[in-house]
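Here's a quick briefing for anyone meeting this structure for the first time. Have a look at it, then read on.

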Amino acid sequence: MANDIQTKLGCSTFFFIALLCMLSKKIVDGRRMSSMKNRELVPRKGTVKTIESEDGDIIDCVDIYQQPSLDHPALKNHTIELATGHYYGLEAYPNVWHPNVTSTGEFSTSQVWISSSGPIVNSSTMEAGWMVAPADTRSTLFIYSLSCDNFILFLDGYKTGCVNAACGFVQVSQSCFRYTIEPVSQYNGKQYETYMSIRKLPDTNWWLIYQDEQVGYWPANIFKEFGEYAAHINFGGKIYNSEPGGIHTSTQMGSGHFSSEGYGRAYFIRNIRYSNKNGTFVSPKPSAFQQLVKKPVL
């Protein structure tokens, strides 16, 4: 059941898709110009940009996952540790709606998810939220899993995973997976929300909590890419656009209305927090959020 929201939300409401992740994806490697006068300046492997500093240094901006030190045989399968990317869990209150899904094979979701280290497109993920598919009359709980060690199928360049208990997620709740989430929010009417949390306890598995119920867990021995923490935590929504008739789908995300319309009209996620190593949930600084949209509204 969704929670009834009676009061206007404060400053902790976010009307955008947010990604909380590593703040820096590049490193630099410098070479003195004076020592390179008679040598060809060949960019190092992984260089995405080369610049010259005011004092004559030639600096290669190198992809962090292709830096020279990782060529060492002992670091063949090394996972880079970053102090801005150690997340032991997340929690949030997603707003609940029933968006219109227009085409067969399409869907619309509101979700929270965590990703392992490495480029996001190649990361393992644990995801949960509410979903609407074609002909669905209700919004329902869904769970998604992707372990890059176990799944190597590709769809448009992305590895494919599994929904609910098909590959890895272990259910302990006595309720069925297709929780009906109701009631849902109404435009200019009452607003409803749910509580979602994914968290890692020391030396245990990654647990999913929905409302006040422990639904189940992703076993740590299957999702080995995560180790004790996640590198990225994410909040927002997704749709699948099948481009019916060669045009953009009319399938809606969230409430189907833009954030500029405000509370009671636009979808939101509030009280976004992450868990630190001590198991304490803390609110991230606004500067830690990055907005991710494929085609922003101008």
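Is Trp207 buried or exposed? Trp207 is buried, because its relative accessible area is 18% and the cut-off for buried is under 20%. Keep in mind that this is a predicted model.

**Aromatic pairs**
- Searching the whole structure turns up 9 aromatic pairs.
- One of them joins Phe169 and Trp218 edge-to-face, with 4.9 Å centre to centre and 70 degrees between the planes.
- That pair links distant parts of the chain, 49 residues apart: Phe169 is in the loop between strand S13 (162-163) and strand S14 (170-171), while Trp218 belongs to strand S19 (residues 213-218).
- Phe169 counts as buried because its relative accessibility is 4%, and Trp218 counts as buried at 0%.
- Trp207 pairs up with Tyr217 in a tilted arrangement, 5.0 Å centre to centre and 45 degrees between the planes.
- Here the partners are 10 residues apart, with Trp207 in strand S18 (residues 206-210) and Tyr217 in strand S19.

**Charges over rings**
- Lys238 lies over the face of Trp113, 4.7 Å from the ring centre.
- Over at Tyr93, the charged end of Arg270 sits over the ring, 4.6 Å from its centre.

**A serine in a loop**
- You'll find Ser103 in the loop between strand S7 (89-94) and strand S8 (108-115).
- Ser103 counts as buried, because its relative accessibility is 13%.
- Leaving aside residues up to four places away in sequence, Ser103 touches Pro134, Ser242, Pro244, Thr249 and Thr251.

Key. Residues are numbered from 1 along each chain as its sequence is written. This is a predicted model: local features need pLDDT of at least 70, side-chain atom pairs count only at pLDDT 80 or more; totals for chains, interfaces and linings use all residues. Side-chain values use heavy atoms; hydrogens and water are left out. Helices (H or I, at least four residues) and strands (E, at least two) are DSSP runs, numbered from the N terminus. Buried means under 20% relative accessible area, exposed over 50%, partly exposed in between (1.4 Å probe, protein chains only). Contact means heavy atoms within 4.5 Å. Rings of Phe, Tyr and Trp (its six-membered ring) pair if their centres lie within 6.5 Å; planes under 30 degrees apart count as stacked, over 60 as edge-to-face and the rest as tilted. A charge sits over a ring if NZ of Lys or CZ of Arg is within 6 Å of the ring centre and within 35 degrees of the ring normal.
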